[in-house]
Amino acid sequence: MNAKLEEIDGWYVATLDGELDTAAAVGVEEVLKPLYTSDGKDVIIDCTSLEYIASSGLRILISILKGAKNAGSRVVMRGVNDDIKNVFKLTGFINIFEFE
């Protein structure tokens, strides 16, 4: 699992590549922890290369969303494949995240 965080054109862009399982979640959380307090910048989570997400990965995304909303920012999920989107549907998270 690879996770990368960049600032591009005033947005935070987090790129997730591989399988965000329980074992990978600790490292991913460390990379994405700055997004827990997004300081007013909107956030894009690029899931184009994300193949799998476990509940621990969903917890990280919820923490990012909570921090962003508290700062008045948006979180946009980009490039989510059908399998990952089904996980969001099954958990009810499909209604709280913005997808493009």
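Contact is defined here as heavy atoms within 4.5 Å, and buried as under 20% relative accessible area, with exposed over 50% and partly exposed in between (1.4 Å probe, protein chains only). The structure is a predicted model, in which local features need pLDDT of at least 70, side-chain atom pairs count only at pLDDT 80 or more, and totals for chains, interfaces and linings use all residues. Residues are numbered from 1 along each chain as its sequence is written, and side-chain values use heavy atoms, with hydrogens and water left out.

Helices (H or I, at least four residues) and strands (E, at least two) are DSSP runs, numbered from the N terminus. In helix H1 (residues 22-32), the buried residues are Ala 24, Ala 25, Val 28, Glu 29 and Leu 32. These line one face of the helix, because they fall within an arc of 140 degrees seen down the axis of H1; the arc is that of the directions from the helix axis to the C-beta atoms. Ala 23, Val 26 and Glu 30, on the other side of H1, are exposed. The cover over the buried residues of H1 includes S1, strand S2 (11-20) and helix H2 (55-70).

Five strands form an open sheet of mixed pairing in the order S1-S2-S3-S4-S5, where pairing requires that DSSP finds at least two bridges between two strands. S1 and strand S5 (98-99) are the edge strands, each pairing on one side only. Seven bridges join S1 and S2 in the antiparallel sense, and Ala 3 has Leu 16 in S2 as its bridge partner.

Lys 4 lies in strand S1 (residues 2-8) and is partly exposed, at 44% relative accessibility.
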